[in-house]
Amino acid sequence: MSIEALSGKVFLLVTGASRGIGRQIAITFGSMLEEGSRVLLLARNKDALQEVAKNIPSKVKVCTISVDLSKSTDTKFKEFLSESLKGTTPNAFDRMILIHNVGSMGDVSKAINDILDINIWREFYDLNFFIPTVLNAVVMNTFNNKAIKKMVINITSLYGIEAGIGCGQYCSMKAAREMYFKVFALENPDIDVLNYAPGPVNTDMFTMACKKIADPKVKKMFNEMREKKTVLTTEQTINRLVQVLEEHKYNSADHVDYYDEL
C-alpha cells in the first residue's frame, strides 16, 4: 500500500518511538517508505528502539537515538538531526514528516488542588509541551526549503478538547499543544498539520489509567473495555491514521479522532 503523504524520499522523525503508539507509527509508516528515505527514532530505551528499527525494511536507513527528551535542548536536537542526515542533506528529500508522540499522563489520581509542587508542573510541561515546541522549531528551520513538502502530526487526545476529573495536567497540556499547532499552522500555511486523537489504545498509559484515574466512571469504563477486549490495538489506531492521511478530508490543524466520520 502506498499513499501520497508517504511518497517519494521521506525524512520521518518519531518521538517516543520505543513502545506503544510511537513504536507502531515507526513500523507502519517505515514499511511504506520508498528507497532512499530516512527515519529518526527518539526515545529513552536504546534496546527497544533497535528492535523497532529491525521491523523497518532495510531499504530505509534508520537512526535510533536514546535520549531523555525532557533534558534535551535545541542544540541537542540539531545534533540528532545532523547525525541522522550523515551522508545527505535536508534538500535531498521530497517530504519531511514529524510526529510528536512523546508524552505522559502525569498524576491522574489527584485533583488539581492537590498538585501543589511547582516543580511537578514544570517537569510535566517540559517533556510534554516545551520540548515538542522547541523540537518542532528546530526541525522546521532545518528543513526550511519550500520545495520540501512538510507534515506535522501531533498525537493528541479527546482530553485535549474535553475536561476530565483527575486529568488537570493531561487535559491542559493536550489543549495547549493543540493550540500551539493551530498557531503554527496559521503561520505556516504550506505545512500540513494534523492533531490526531488515537482513541483508547491498549498501551502502558492506558493500563496506568485503568488503575489510577481519579474519575470512578472513567475508571470503570476503561476497565470494562479491557475486560471485554474492546480497547483499540496500536495497529488499529495507526491504520486509521493512515486512512485519515489517505482520504485527507481535514483542514490543517484540525482535531481528528479515531472515531470521527470523515
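Guide: Two strands pair if DSSP finds at least two bridges between them. Strands (E, at least two residues) and helices (H or I, at least four) are DSSP runs, numbered from the N terminus. This is a predicted model, in which local features need pLDDT of at least 70 and side-chain atom pairs count only at pLDDT 80 or more, while totals for chains, interfaces and linings use all residues. Residues are numbered from 1 along each chain as its sequence is written, and side-chain values use heavy atoms, without hydrogens and water.

Visitor: What makes strand 1 and strand 2 a pair?

Guide: Strand 1 and strand 2 (residues 38–43) are joined by five bridges in the parallel sense, and at least two are required, so they pair. L13, for instance, has L40 as its bridge partner in strand 2. Between these strands the chain passes through helix 1 (residues 20–30), and this β-α-β crossover is right-handed; that means the path from the first strand over the helix to the second runs clockwise, with the strands pointing away from the viewer. Strand 1 also runs parallel to strand 4 (residues 95–100), again with five bridges, and F11 is partnered there by M96.

Visitor: Why is strand 1 called largely enclosed?

Guide: Six of the six residues of strand 1 (residues 10–15) are buried, so the rest of the structure largely encloses it. Buried means under 20% relative accessible area, exposed over 50%, and partly exposed in between (1.4 Å probe, protein chains only). V10, L12 and V14 are buried on one side, and F11, L13 and T15 on the other.

Visitor: Why is the pair of Y125 and F130 called tilted?

Guide: Rings of Phe, Tyr and Trp (its six-membered ring) pair if their centres lie within 6.5 Å; planes under 30 degrees apart are stacked, over 60 edge-to-face, and the rest tilted. Y125 and F130 have ring centres 6.3 Å apart and planes at 50 degrees, so the pair is tilted. F129 and F130 form an edge-to-face pair, at 5.4 Å centre to centre and 70 degrees between the planes. Y125 is buried at 16%, whereas F130 is partly exposed at 42%.
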